[in-house]
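Here is a brief report on the model shown below. It covers strands, cores and one further chain.

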Amino acid sequence: MTSLDAHRVADAVWKMESARIVAGLVRMVGDVGLAEELAQDAVLAALEQWPEAGVPDNPGAWLMAVAKRRAVDHLRREERRDRGQEQLAHDLASRPDDGERDVDDVVNALDGEVGDDVLRLMFVSCHPVLSTEARVALTLRLIGGLRTDEIARAFLVSESAVAQRIVRAKRALADAHVPFEVPSGPDRAARLSSVLEVIYLVFNEGYAATAGDELMRPSLCLEALRLGRVLAELTPDEAEVHGLVALMELQQSRSAARTGPSGEPVVLHEQNRGRWDPLLIRRGFAALLRARQAGGPLGPYVLQAAIAACHAGAATPEETDWPQIAALYEALVRVLPTPVAQLNRAVALAMAYGPRAGLTLVDTLTGEPALKGYHLLPAVRGDLLARLHRHDEARTEFERAASLTRNSSERAVLLRRAATCAEEAGKAGETGKAAETGKARGAGETGEAGETRGKAKETGEAAEAGGKAAEAGEAGLADAHVTLGGAAGLFLARPDLSADTMRSYRQTLTRLCRHLGENAPLRDVTSHRVAEVFAAAWGTAAGATWNRHRAALRSFATWAAERGWAAADLAASLDRRPEPRARTRSIDRSRLESLWKRPDIPLRERTLWLLLYESAAPAEWALSLNVEDLDLPGMRGEVKARGHWLRWQSDTAALLPLLVEGRRRGPLFLADRRPGPGRMPVAADLCPDTGRGRLSYERAEYLFKRATADVDPEGSGCTLHRLRHSRLAHLGEDGWSAPMLMSLSGHGSVRTLHGFVRIPRPADTVA
Amino acid sequence: MRFLMTTKGGSRTPDAAMMAEMGAFIEEMTRTGVLLATGGLEPGGLRMISSGGEITVTDGPFTEAKEAIVSFALIEARSREEAVELARGFWKIVGDGEGSVQRVFGPEDAPGPGPR
């Protein structure tokens, strides 16, 4: 082995093990700076010995053992009077320590404590006595095992600057006598969020490099992910930690698609989703699931991860559930009321309910001091203005954004958009009216936006403006010779279409041309043939997709008819399709009434169903109830895991005593049989009296489906979820307000109550 | 960077203790985010040959059993050395055998001035 090889192996091993080694040493010697020095001594020893003796069998353990030996030597030399330290030095020194054979044993003996040490070290590295920069540098150095020059390169600062930051940080920790511990009590949450902040900062510096020529520095992203996963392993009960990991995994899954062939950034809705990494998406979803299992209120990282998951779950940009994303942002700004979060919410609102809804909110942010100098504010505003055809204003905003960003590839994109706006504005000037009509139309827009979800609304606009655009060459075409392809080309070349609209229209018309032939005379294209193409191409697509293509065709038909090239009713055979949100239909009151009266329903099922109906609570909450959690006179029961009370009414109250029947503890709803020995549930899910387990969701669902098969037109029966929502629908019909329903049912967001009550759209509320 | 670890057949059949140890190892690697995907492969499989636009699918012949790849693991590591260290942990559990570690090229390795 050459010394170069040994060097590389030692570097790799150090990166993998440094957190554990340094953490263990800090616990021994009580000082971060000293611990790191001792650890570095061990690395030096490795570089001396490994080229000749070869890399040891377990190089990580070797480093750890040597470092600990140095620490013991040091403690002896210091001859500390501190009893605790002395005792520890004695313990370690008296361990049998001849050579490397028992190194594994030493390490294994210490292993149980090591995880906690790493966690302590993370909390110390992110301690609030340090500046943010120092926290980042120290964390990367101690937990990530990065060398000073690597950190310097990643953050584009000089090596000496990083070295100084680290030296000062270590001194500050020593001066402040920061204890080597995991904080507890009220301190813990704040300190944990500092750790999360540092990790996310590292990730973001890699993900959206604030300076330099490249858009991303992937090594920093991966480093942050590693840190996040280490933390998640050490704090499995913290939902926010899993939320952060999920957020980073999901964002990282898009990394390959975020830059184009020449390194330019590609925005989310234009990314090739085939290049998203499904392995990372899967891991992101898994982490999000762990976050949900950890419970507690939804924190900022979990919410942001949920938003990222919405994107990851959409196979095409059109399928993105923007209203859901807007609702998540609304929840986010409640827990994280930052202007940046508001700005993102504005973008989501614009996508869900039209550019005007977004612009209204953005305009409230322009005076925000925190956003002064933030390039995305003018960038977003420019985009919304362009979509409203206010090209002159849009250009100014894009230019401002370009002057504010420090990233050169981002700047290029912004300047390109500014140039496009200038062209659009120029054209609009020539034809006179476009900009004006754009403004005039804006006012009416929000009214229809809620219904049509953003895109389709542009139909009306385009048809209106179309007549005014007089393209060269158009007049030269004799009616009889107009082909479908030619007309489509002219239609798409109109100057008054925004880039988004044009892309959307082009999809429709390209498909039409492919089916009917580009050279087909437009005269011969009938509504019947168009309908055939639509049925073949989008017959099975979602309603929103169908409607978008229908809108495009209607716009084209109107435009062509004005020129006398085609019959005006080209789109006549195409009906607008409903765009249902996945909504649960309710079960008739009368059907439920008769269900309650059916004599063949056992007591347990009858009680459960009535309880679910009367409380409108999720079935898993009801199933999680224990006998000891019930407050029978108060007609309520506590869902311990959620800290939420379920409230029922008289029908349930009449049945519950029969169901409880002398039991004092254990699950309220029990399975029919005792569990088999191979599938023994935890003690909390067993009845101490009968030994039976808790009724499972699957079984409860099956029983309800079987009993309601006749209610369901498809014969498969109703879900428990539908039962709950039936109650909400009925209460909504009875005039209950949204807050009343939310407090009853535990729905976290008004959004999910849509359909039960009338809720003001966000567009109304921000205005 | 990503690496594909593959192992060849012919090593000893795993016993219960080794399976348990391997299970723990895989779980640990998955949790720390190192292991992206792993699995065992059926011996042989189908052989496909595309030649002159014609695709033939046959049941063989295959390389000798001890040359055939029987398992794989896709891992994420910061360097080749780190990948080797991770693979070392695997071989310590498996014992005797043979395999390879190959870099998996990603979008960042595309030629030209693309993203790095």
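Which residue takes a positive phi in the hairpin of β1(A) and β2(A)? Met635(A) does, with a phi near 55 degrees. Keep in mind that this is a predicted model.

**Strands of chain A**

Strand β2(A) spans residues 636–639. β2(A) pairs with β1(A), residues 630–631, and also with β3(A), residues 644–647. Both hairpins have their own turn residue with positive phi, as listed here.

| Pair | Sense and bridges | Bridge partners | Residues between strands | Positive phi |
|---|---|---|---|---|
| β2(A) and β3(A) | antiparallel, four bridges | Arg636(A) and Arg647(A) | four residues | Gly643(A), about 65 degrees |

Gly637(A) and Val639(A) form the covered face, while Arg636(A) and Glu638(A) form the uncovered one. In a regular strand, side chains alternate between the two faces of the sheet.

**Nonpolar cores**

The largest nonpolar core holds 132 residues. Among the members that touch the most others are Val22(A), Leu25(A) and Ala67(A). Helix α1 of chain A (residues 3–29) gives this core its largest share, 15 residues. Ala67(A) touches Ile21(A), Leu25(A), Leu38(A), Ala39(A) and Ala42(A), leaving aside residues up to four places away in sequence. A second, separate core has 33 residues, including Val639(A) and Ala622(A). Val639(A) also sits on the covered face of β2(A).

**Chain B**

Chain B has 116 residues, and 14% of them count as buried. Two helices and six strands are found in chain B. Their order along the sequence is β-α-β-β-β-β-α-β. Of the chain B contacts between residues at least 6 apart in sequence, 76% join residues at least 24 apart.

Note on methods
Residues are numbered from 1 along each chain as its sequence is written. Chains are lettered from A and ligands numbered from 1 in the order in which they are written. This is a predicted model: local features need pLDDT of at least 70, side-chain atom pairs count only at pLDDT 80 or more; totals for chains, interfaces and linings use all residues. A nonpolar core is a set of buried Ala, Val, Leu, Ile, Met, Phe, Trp, Tyr and Cys residues joined through C-beta atoms within 7 Å. A residue is buried if 20 or more other C-beta atoms lie within 10 Å of its own, exposed if 12 or fewer, and partly exposed in between; C-beta atoms are placed from the backbone. Two residues are in contact if their C-beta atoms, placed from the backbone, lie within 7 Å. Two strands pair if DSSP finds at least two bridges between them.
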